[in-house]
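Trainee: Hi! Could you walk me through this one? I'd like to learn how to read it residue by residue.

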Amino acid sequence: MLAIAMNALFTSLRHRGTTRQLAGALLVCVVSALLLLLALVWYNLRFTAGQVAGAEVTLALVYVVLWGWVIPSSVTLTYCLFTAPRNTQTALHIPLQKAAVETAALLDPPRYRVGVVAPFAFNEETPWGWLEYRSGNFHGQRLALKRIVATLGRDEDCDIWVDDDMASRHHAELAYDKGRACLTDCGSLNGITLNGRRVHGTVLLAADDVLQIGEQSFRFIPANEQANSLEMSDPLAHHTWRSSQDMLTGSSRAVPAPNARPELSPARAEETAELNYKAARPAPAKQHGMLRIRDGEMAGQHLRLECAIVSVGRDPECDFIITDISISRKHAQFLHQLDGDYVQDLGSRNGTRVNEEPLQQPKLLQTGDVVMLGNVHLEYSLVVPVPVKHADTPYPSSPGLLSGPMPLKLPSRQLPQR
């Protein structure tokens, strides 16, 4: 039992030895203690009865010394002298080659510093990776990683707020370092797992790695700028189009590209100009949503929902900032869709309600709905902008048809019906 205690204390205080080595040393000590029970049985059956020879007593003493002192002491001494220091790879139980161990030992990613805003890895619009929710109400949604350090934890000041009782206030960090993605455990109480294995210290992240904090699960997706640039390119931009009659005539006559404009006759050009004039007239004004703050320090102010996504919270990066203690840093967002405006909670601490009902998923807003962010009430309504009346201008004429300045009125003659 003394050897077991010494091995356990040596591992915890000096941080040496792998889990397998410690388990082997403890197993040998336990087996030695169990084998000593045979000496106790022999003592009760033979020695107390007085029917023991001298040679039998000598053999029993050698047996006790061997299993009681020699083997446990040898195992403990060997474990203390020859075990290597524990590191991140030891805790993960991952068989690593020498090059991999050296690479992990050189990891020194940027770390979060209190009161200092981490810079962007590229720029404000370009992420270096994403975290995709794999569980919970936000399943399938992605969080863009743009700054070189992103913090995860239960504290509202973290970049990614993890609403889980198993999460620490400052649980872990994601960092971008020299083209590599790194995950660092910040001494969390319940730890973080990577692909089902506990992480200690800093490890590298690869595509589709799964991070687990309590019940919250995320998938890491690295950015691929080359794929985006290929999707934006047009493979037919420099293509020379050929007529379908080339196969019959044998000629190689180039034809205009699909977006090329053919030359028109003067009459046809004038008609086309009028059609273009009608098509270019301003479209009817579209209605959009508006939120009116009903209470708090910003009571009476209005928020116009004119963008596709409008974020609301205390964070300076939000589109609309509400300075109220009941509002989270990134509390909610409003999304403009074809059928109207939706409100979605972003994992806020005090939650979001619509007409006093807790918001569990994106909800379509109707005129008169009251959205409650923390203790702040916002009333939703639709606004139809008043169209601006522009003076009617004639359509541009084709070259050679009219000369001189054009009057600001509609054409005086009607075009022939075709």
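Trainee: Thanks! Where is D208 found, to begin with?

Mentor: D208 belongs to the loop between strand 9 (202-204) and strand 10 (210-213). Strands (DSSP runs of E, at least two residues) and helices (runs of H or I, at least four) are numbered from the N terminus. Before we go on, keep in mind that this is a predicted model: local features need pLDDT of at least 70, side-chain atom pairs count only at pLDDT 80 or more, and totals for chains, interfaces and linings use all residues. Residues are numbered from 1 along each chain as its sequence is written, and side-chain values use heavy atoms, leaving out hydrogens and water.

Trainee: Got it. What is phi like at D208?

Mentor: Phi of D208 is positive, near 70°, and D208 is a residue other than glycine. For background, most residues other than glycine have a negative phi.

Trainee: Which other non-glycine residue has a positive phi?

Mentor: K178 is one of them: its phi is positive at about 55°, and K178 is not a glycine. You'll find K178 in the loop between strand 5 and strand 6 (180-185). With a relative accessible area of 74%, K178 is exposed.

Trainee: You mentioned helix 1. How many residues does helix 1 have?

Mentor: Helix 1 has 13 residues, 2-14. From first C-alpha to last, helix 1 reaches 18 Å, close to the 18 Å expected at 1.5 Å a residue. That expected span is 1.5 Å times one less than the number of residues.

Trainee: Which residues of helix 1 are buried?

Mentor: The buried residues of helix 1 are A3, I4, N7, F10 and T11. Looking down the axis of helix 1, those residues fall within an arc of 135°, so they line one face of the helix. The arc is that of the directions from the helix axis to the C-beta atoms.

Trainee: What about the face of helix 1 turned away from its buried side, which exposed residues does that face carry?

Mentor: L2, L9 and L13 are the exposed residues carried there, on the face of helix 1 turned away from its buried side.

Trainee: New topic! Is E173 buried or exposed?

Mentor: E173 counts as buried, because its relative accessibility is 3%. Its place is in strand 5 (residues 172-177).

Trainee: What does the side chain of E173 reach?

Mentor: The side chain of E173 reaches the backbone nitrogen of Y112 at 3.4 Å. The E173 side chain also makes a polar contact with the side chain of H170, at 3.0 Å. A polar contact is a pair of N or O atoms within 3.5 Å; within protein, one must be able to donate a hydrogen and the other to accept it, and residues adjacent in sequence count only if both atoms are side-chain atoms.

Trainee: Which backbone nitrogen does the side chain of T151 reach?

Mentor: That would be the backbone nitrogen of D159, which the T151 side chain reaches at 2.9 Å. T151 lies in strand 3 (residues 149-153), and with a relative accessible area of 2%, T151 is buried.

Conventions
Buried means under 20% relative accessible area, exposed over 50%, partly exposed in between (1.4 Å probe, protein chains only).
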